[in-house]
Amino acid sequence: MRRKIVVGNWKMNNTIAESIELATEIAEKAGSDGVTCEVGIAPAFPALYEVGKVIEWSGVKLAAQNCHYENDGAFTGEVSTRMLAAAGCNYVIIGHSERRQLFGETNATVNLKVKKALAEGLRVILCVGETLDERERGVTGEIVTAQVVEGLADVSDISNLVIAYEPVWAIGTGKTATKEQAQEVHAMIRARVAKLYDQKTADHLRIQYGGSVKPSNAVELFAMPDIDGGLIGGASLKADDFMAIVEAAG
Ligand code: PEP
C-alpha cells in the first residue's frame with residue numbers, strides 16, 4: 001500500500017513573512033486533523049530555513065523547488081543540495097516543466113541533479129510531462145518515457161524518489177487531465193519503471209499527478225489506482241484549498 005503524498009509548489013510567490021504565515025496555517029491543520037497522507041510544501045529559497053522551523057513539529061515536509069548538481073563554486077544564482085540539506089529540506093523538486101521550458105533544463109541536467117540530490121540524502125520529486133503540441137502529435141508516451149529513462153540514468157536506488165506526472169498543458173491553465181488520461185500515463189510510467197528496475201520497485205514508487213488540481217477534482221484523481229497524490233501549484237497558495245486537497249488524499 002503506497003502512502004499518498006501531496007506537495008504544494010509555491011513557485012515564485014510569498015515573501016518570508018507571507019511564507020511563514022501560510023506554512024503555520026498548513027502545519028496547524030496538517031498536524032492535527034488526522035491526516036494520513038504525507039504533506040509537503042515548497043517555498044521559494046529565501047523562506048526555506050524559516051519555514052522549516054515553523055513546520056518541524058507537524059510532520060509537514062520541507063521541499064525546495066530546484067537545486068544545482070555541484071557542491072559549490074562559481075555558479076552565480078544557483079543553490080546546491082548541500083545548502084538545501086543544511087537548510088532543513090527533506091525533498092527537492094527536480095525538472096519541473098517551468099525549469100525545462102523557461103530555464104533550458106534537459107533530461108541530462110535533470111539526471112545530474114537527481115543523482116546529486118539523492119547522494120546528498122534528499123528525497124527527490126522528479127517531474128515529467130508532455131506539452132500540448134506533443135500530446136496532439138500523439139507522442140506523449142515517447143516524451144514521458146524519455147524523461148523517465150534519461151532522468152533516472154545510472155540511478156540504482158529510487159526508494160527516495162517520487163515521480164510527478166504533470167502534463168504541461170494542464171499546469172496553471174485550469175485544464176486538468178481527465179482521471180482516465182492521467183491514469184493511463186501513470187500506469188505507463190509504472191510499467192516502464194518495472195522494466196528499468198523490477199516489479200517490486202515499481203509497485204512501491206509513488207507517482208503524483210500535477211496540473212490544475214483543485215478541491216473539486218482531487219477526490220476523483222486520487223481514487224485512480226496509479227495516482228498516489230498530487231503536486232499542487234496555484235491551489236497550494238491558499239491553506240483552505242490546499243488542505244481540502246490533502247484531505248482528498250486521506
Ligand atoms: C505545478 O506547477 O506543479 C502545478 C501543478 O501547478 P498548478 O496546480 O497551478 O497547475
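**Exercise 1.** Find which residues lie nearest the centre of the second largest pocket, and work out what its lining is made of.

*Solution.* Start with the lining: 17 residues line the second largest pocket, and Ile158, Ser159, His204, Leu205 and Arg206 lie nearest its centre. Here a pocket is an open set of points on a 1 Å grid over the protein atoms alone, where a 1.4 Å probe fits, with protein on both sides within 12 Å along at least five of seven lines; lining residues have an atom within 4 Å of a point.

A quick note on the model: it is predicted, so local features need pLDDT of at least 70 and side-chain atom pairs count only at pLDDT 80 or more, while totals for chains, interfaces and linings use all residues. Residues are numbered from 1 along each chain as its sequence is written, and side-chain values use heavy atoms, with hydrogens and water left out.

Next, take the space: the second largest pocket holds about 290 Å³, a volume being the space filled by probe spheres set on the points, which are joined across faces, edges and corners.

Then look at the elements. Strand 6 (161-165) and helix 9 (199-204) each supply at least two lining residues, and helix 9 gives the most, with three. Helices (H or I, at least four residues) and strands (E, at least two) are DSSP runs, numbered from the N terminus.

**Exercise 2.** Describe the largest pocket in terms of its volume and its lining.

*Solution.* First, its volume is about 400 Å³. Second, 14 residues line the largest pocket, with Lys11, Met12, Gln65, Arg99 and Phe103 nearest its centre. Third, helix 4 (residues 97-102) contributes the most to this lining, with three residues.

**Exercise 3.** Decide whether Ser97 is buried or exposed, and list what it touches.

*Solution.* Leaving out residues up to four places away in sequence, Ser97 touches Leu102, Val168 and Ile171, where contact means heavy atoms within 4.5 Å.

**Exercise 4.** Identify the surroundings of the ligand.

*Solution.* Begin with the neighbours: 14 residues surround the ligand, the closest being Lys11, His96, Glu166, Gly172 and Ser212 (a heavy atom within 4 Å). Now go to the atom pairs. A side-chain N or O atom of His96 is 2.8 Å from a ligand oxygen atom. For Gly172, a backbone N or O atom lies 2.7 Å from an oxygen atom of the ligand.

How values were computed. A polar contact is a pair of N or O atoms within 3.5 Å; within protein, one must be able to donate a hydrogen and the other to accept it, and residues adjacent in sequence count only if both atoms are side-chain atoms.
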